[in-house]
Amino acid sequence: DDNRLDGVSCASCHLDKDGNVNGKYDLSAPHPTVQNPLFTEARSAELCAACHQTDYTAPAQQTFLEWLTDFAPKDDRTCQTCHMPREVRLFSEIFSDRPKRAIGRHLFAGGHSPSMLKKAATLSLEQDPEDPVQIRISVTNSGAGHSLPTGHGPRAVLLHVKIEGPDGTVLVDSKPSAPLAVYTVHPGLGVPSDIIHPAIRAGATEKVTVKLTGQPGTYRITAGLFYDLDRLVDYNDDNLPLIASLEAVLVFDAAPLGAVKK
């Protein structure tokens with residue numbers, strides 16, 4: 001009952017305009033049923049496009065096209081592979097005499113799932129070989145089959161970085177005052193800023209540069225990538241789910257820096 005209040009129910013995907021319940025298998029039930037090829041593995045992503053691709057019923061949604069353009073040419077996984085992993089079970093607890101079949105889990109884990117978010121992206125750090133005080137932090141969309149973030153406009157991925165200098169002075173501390181970078185579905189939403197960037201496409205890497213003082217000694221860098229479902233509302237910004245993190249120690253001598261990634 002609670003899930004139905006969100007506007008998504010069994011009928012959203014399975015019920016057609018003629019009142020038939022559509023699905024993967026040919027079976028009998030106390031209602032009209034249709035074995036629909038859209039529910040096969042090869043075409044299942046097309047089902048998601050009904051709600052996750054822009055048209056008059058789903059404004060500002062581009063997730064299906066992101067998957068089709070950036071991910072599908074290189075990987076045969078579909079939306080259901082990640083968001084509805086299959087398990088063998090009964091179709092219905094009522095009809096326990098029916099054979100068990102492979103059925104996708106209907107939890108639709110995504111942006112609300114911490115375990116899914118931790119598979120979405122990775123952080124790495126590198127030093128500019130020509131200018132050792134310039135440090136580049138890379139954010140890679142390594143696990144999502146679509147842009148990160150995707151879906152509704154206010155969603156965003158926030159990069160927070162803290163750098164401590166050799167004398168313990170905090171040189172950079174972006175949290176909680178402001179993130180170092182924001183990657184979002186619609187960069188134009190909210191207050192315009194040069195830290196706001198478009199969502200990171202599947203498989204792509206975006207880089208942010210931070211600068212050390214050049215003072216000899218040990219620098220400590222920590223970075224965190226966080227997911228914000230509603231970046232225009234700041235009531236929960238100090239407690240966002242973590243996607244990825246990075247800790248590094250940089251030793252600056254007279255010349256190059258050597259990085260040790262933990």
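Which residue in β11 does Gln 134 stand opposite? In this predicted model, Gln 134 stands opposite Lys 211 in β11. The legends below describe the surroundings of this position and several other close-up views.

**View A. Three strands, in the order β5-β6-β11, form an open sheet.** Pairing in this sheet is antiparallel. Its edge strands are β5 (122–127) and β11 (205–211), each of which pairs on one side only. From one strand to the next, the twist averages 25°. Strand β6 comprises residues 134–140 and pairs with β11 in the antiparallel sense over seven bridges.

**View B. A salt bridge joins the side chains of Lys 207 and Glu 126.** The N to O distance in this salt bridge is 2.9 Å. Lys 207 belongs to strand β11 and Glu 126 to strand β5, so the pair links distant parts of the chain, 81 residues apart. Lys 207 counts as partly exposed because its relative accessibility is 48%. Glu 126 is also partly exposed, with a relative accessible area of 29%. Through salt bridges that share partners, Glu 126, Asp 128, Arg 136 and Lys 207 are joined into one network.

**View C. The side chains of Arg 86 and Glu 41 meet in a salt bridge.** A search of the whole structure finds eleven salt bridges, and in this one the N to O distance is 3.7 Å. Arg 86 lies in strand β3 (residues 86–89), whereas Glu 41 lies in the loop between β2 (33–35) and α2 (45–52). The pair links distant parts of the chain, 45 residues apart. Both Arg 86 and Glu 41 are exposed.

**View D. Glu 87 and Arg 105 form a salt bridge through their side chains.** The N to O distance here is 3.8 Å. Because Glu 87 lies in strand β3 and Arg 105 in the loop between β4 (101–104) and α5 (114–117), the pair ties together parts that are 18 residues apart in sequence. Glu 87 has a relative accessibility of 32% and therefore counts as partly exposed. Arg 105, with a relative accessible area of 38%, is partly exposed.

**View E. Leu 232, Val 233 and Tyr 235 make a nonpolar surface patch.** The area of this patch is about 330 Å². One of its members, Leu 232, is found in the loop between β12 (217–228) and β13 (242–252). The relative accessibility of Leu 232 is 48%, which means that this residue counts as partly exposed.

Methods. Residues numbered from 1 in each chain as written. Predicted model: local features only at pLDDT ≥ 70, side-chain atom pairs only at ≥ 80, totals over all residues. Heavy atoms only, no water. Patch = residues over 30% accessible without salt bridge, like charges linked within 9 Å, V, L, I, M, F, W, Y side chains within 5 Å. Areas by Shrake-Rupley, 256 points an atom, 1.4 Å probe, with all protein chains shown as cover. Salt bridge = Lys/Arg side-chain N within 4 Å of Asp/Glu carboxyl O. Helix = DSSP H or I, 4+ residues; strand = E, 2+ residues; numbered from the N terminus. Buried < 20%, exposed > 50% of the residue type's maximum accessible area, 1.4 Å probe, protein only. Pairing = 2+ DSSP bridges. Axes fitted to C-alpha atoms, helices over the stretch in contact; angles between N-to-C directions.
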